[in-house]
Amino acid sequence: MDLTVWRSFVTVCRLGSLSAAAAELNHTQSAVSRQIAGLERQLGVPLLERHARGVRPTPAGEVFRRHALVTLNEADRAVRAVRDVRDGAFGRPLAVGATPSLAAGIVPEAIRDLLKHTGSIRWSLLPGLSEQLHQRVITGDLDIAVVTDAPPGVPHDPRIHRRFLGLDDMVVALPVDHPHAGRGPVHIQTLADQTWVEDNDGSAALLRRHAARAGVGARIDLAAADLPGKLALVATGHAIALIPGVLTCALRSDVTTVGLVDPPTRGIYAIGPLRDPHPCATPLLDRLATAVAAARPLGYRDSPLHDEAAGVE
């Protein structure tokens, strides 16, 4: 089968539109339609169905899309590897993914330490949510990803290995002139009347669960598109926010933190593909564990449960 047609199909699925896919691929819409029709004839099953806003894969199409994406990524990697040999660049680039809070400090620090020992290597850092990064590891886009078990958690996927790096206490981000700035750990009840801002469902779930255990509610009245937006709303006094403790060392100067009594926690994991691991993946894992340990906020606790889960799964 022609991988050009496979690429057209995957692009249509990603964009949900034949015309948008044609524009991105620099084809005509009729050409893309013919490609998909030919693919459906080869496979003997419809791959796309129309809906009010465009097209989406059928159940058979979704199965084919997942396998096609893996194949296309491997083909792209093969082309890049050959070009590296042609250009005299034998070192394979290291593709690293991390959640936004970990990409803000922990992961770059670990990579800096890695480069001190390995010398110059080509690398890239892609921030994303844990679920997105998990999928990118599976499809071969990432050699290693640093994720957390905040809801919806880290799936037990036989296609990847994972290593527990540390347990992170969540803290509350406050504007520097907040009445609780500079104080010791507080009970969540003390902050029950505050306006909170959240930027993702996982953090919001941790906050609501922690407040519910204490018999109070958390007024998440504001939403931010991302972590920088969330911290901007905190800095300007519009709200307070639950953030990872490991982010404390990378906060902007107009934001401070206060610890919580019996805080909610999240486990930090590194995940990677079982096949064809990058030569620098294992050395980076060790440096990531060191960086996570060094960034532990006051009140950090090791968890025997997480220690038992450490290692390859």
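Biologist: Which residues form one aromatic cluster in this structure?

Modeller: In this predicted model, one aromatic cluster is made up of Trp6, Phe9 and Phe64. The count of aromatic pairs comes to 3.

Biologist: How is a pair of aromatic rings described?

Modeller: One gives the distance of the centres and the angle of the planes. Take Phe164 and Tyr269 here: their ring centres are 5.5 Å apart and their planes stand at 65 degrees, so this pair is edge-to-face, given that planes over 60 degrees apart count as such.

Biologist: Where in the chain do Phe164 and Tyr269 lie?

Modeller: Phe164 belongs to strand S6 (residues 160–175), while Tyr269 belongs to strand S11 (residues 265–273), and the pair therefore ties together parts that are 105 residues apart in sequence.

Biologist: Is Phe164 buried or exposed, and is Tyr269 buried or exposed?

Modeller: Buried means under 20% relative accessible area; Phe164, with a relative accessible area of 11%, is therefore buried, and Tyr269, with a value of 4%, is buried as well.

Biologist: Which charged end sits over the ring of Tyr269?

Modeller: That of Arg162, whose charged end sits over the Tyr269 ring at 4.7 Å from the ring centre.

Biologist: Turning to the strands, how many bridges join S1 to S2?

Modeller: Strand S1 (residues 48–51) and strand S2 (residues 54–57) run antiparallel and are joined by 4 bridges; with 2 residues between them, S1 and S2 form a hairpin.

Biologist: Which residue in S2 is the bridge partner of Leu48?

Modeller: The partner of Leu48 in S2 is Pro57.

Notes:
Residues numbered from 1 in each chain as written. Predicted model: local features only at pLDDT ≥ 70, side-chain atom pairs only at ≥ 80, totals over all residues. Heavy atoms only, no water. Pairing = 2+ DSSP bridges. Phe/Tyr/Trp six-rings, centres within 6.5 Å; stacked < 30°, edge-to-face > 60°. Buried < 20%, exposed > 50% of the residue type's maximum accessible area, 1.4 Å probe, protein only. Lys NZ or Arg CZ within 6 Å of the ring centre and 35° of its normal.
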